[in-house]
Amino acid sequence: MATHPVIVAEAYEPGTAKNVRLQGKVPAVIYSGTRKTSHIAVDLQEFRRAFRKAGKATLVEVEIDGAKTAALVHVIDTHPVSGDPIHIDFFAVNMNKAVHAVVPVTFVGVSDAVKLLGGTLTVLHDRIQISCLPKHLISSIEVSLEKLKTFHDHVNIADLPFPSDITVLDDAEMIVASVAAPRKAVEEEVVAEETEGEKSEAVPTEEK
């Protein structure tokens, strides 16, 4: 059974968030459709370590007074200058009910169209919407760029190796990545097409 990062939290009274931050902790709430919202404080460094491992696509366990609750990191409000979390929303999940999540795409390998032909990798979608039971959640989906051998190749969602326990909510034909040709190559192709068009439009004349 997979283990999830544990975040130890303690309850705090609403209206005292400033004091919580002065203690090096982050004010947060944990809620779901069936439970009362609880105001909790979590250690900033402990949260960073847990979030680095879990992200928003896999579970963490929020421990309050020794009791653990499986949850997703739903929303993180950050400081506009430092970027540090200043408030966190945790969503407590029902392990027997499917949840929606957004999974980041991790690109691996090298595209021949980039390496050999000088093209530029174009990423159109780097996050995919999924639905599954919480125990089947994954932190990312890995996709190989080796399929992109020419400027006409592309990777779409149907090519991504999602496990059968996961339902992808986005359109299967949606393009995830492709390779754009260098500008010079595009210009040469346009000139070639125009030249070919001129030839085809020429009207033969009758010899006298």
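## A guided tour of the predicted model

The side chains of D84 and R48 meet in a salt bridge, with 2.3 Å from N to O. Select these two residues to begin, and bear in mind that the model on the screen is predicted. D84 counts as partly exposed because its relative accessibility is 26%. R48 is also partly exposed, with a relative accessible area of 28%.

**The whole chain**

Now show the whole chain as a cartoon. It contains four helices and 13 strands. Of its 208 residues, 33% count as buried. The accessible surface comes to about 13100 Å², and carbon and sulfur atoms account for 52% of that surface. Consider next the contacts between residues at least 6 apart in sequence: 64% of them join residues at least 24 apart.

Return to helix 2, which covers residues 44-54, and select E46 within it. Is E46 buried or exposed, and does a salt bridge accompany it or is there none? E46 is buried and has no salt bridge. The nearest side chain of opposite charge is that of R49, 5.4 Å away.

**Aromatic rings**

Next, display the aromatic side chains. How many aromatic pairs does a search of the whole structure find? The search finds three. A pair of aromatic rings is described by the distance of the centres and the angle of the planes.

Select Y31 and F91. Their ring centres are 5.9 Å apart and their planes stand at 70 degrees, so the pair is edge-to-face. Y31 lies in strand 2 (residues 25-31) and F91 in strand 6 (residues 85-92), so this pair ties together parts that are 60 residues apart in sequence. F91 counts as partly exposed, at 29% relative accessibility.

Then select F47 and F51. Why is this pair called stacked? The ring centres are 5.6 Å apart and the planes are at 15 degrees, so the pair is stacked. F47 and F51 are four residues apart in helix 2 and are therefore separated by about one helical turn. F47 is buried, at 1% relative accessibility, whereas F51 counts as partly exposed at 27%.

Select D126 and R127, whose side chains meet in another salt bridge at 3.6 Å from N to O. D126 is partly exposed, with a relative accessible area of 38%, and R127 is partly exposed with a value of 48%.

Move on to K147 and D159. Their side chains form a salt bridge at 2.8 Å, again given from N to O. Where do the two partners lie? K147 is in the loop between strand 10 (141-144) and strand 11 (154-156), and D159 is in the loop between strand 11 and strand 12 (167-168). The pair links distant parts of the chain, its members being twelve residues apart. K147 counts as partly exposed at 42% relative accessibility, and D159 is partly exposed at 36%.

**A nonpolar surface patch**

Select V114, L121 and V123 and switch to a surface display. These residues form a nonpolar patch on the surface, with about 190 Å² of accessible area together. L121 is found in strand 8 (residues 120-123). L121 is partly exposed, with a relative accessible area of 33%.

**A loop residue with a positive phi**

The last stop is D65, in the loop between strand 4 (60-64) and strand 5. Most residues other than glycine have a negative phi. D65 is not a glycine, yet its phi is positive, at about 55 degrees. Is D65 buried or exposed? D65 is exposed, with a relative accessible area of 78%.

Conventions
Residues numbered from 1 in each chain as written. Predicted model: local features only at pLDDT ≥ 70, side-chain atom pairs only at ≥ 80, totals over all residues. Heavy atoms only, no water. Helix = DSSP H or I, 4+ residues; strand = E, 2+ residues; numbered from the N terminus. Buried < 20%, exposed > 50% of the residue type's maximum accessible area, 1.4 Å probe, protein only. Lys, Arg positive; Asp, Glu negative; His and termini not counted. Salt bridge = Lys/Arg side-chain N within 4 Å of Asp/Glu carboxyl O. Patch = residues over 30% accessible without salt bridge, like charges linked within 9 Å, V, L, I, M, F, W, Y side chains within 5 Å. Areas by Shrake-Rupley, 256 points an atom, 1.4 Å probe, with all protein chains shown as cover. Phe/Tyr/Trp six-rings, centres within 6.5 Å; stacked < 30°, edge-to-face > 60°. Contact = heavy atoms within 4.5 Å.
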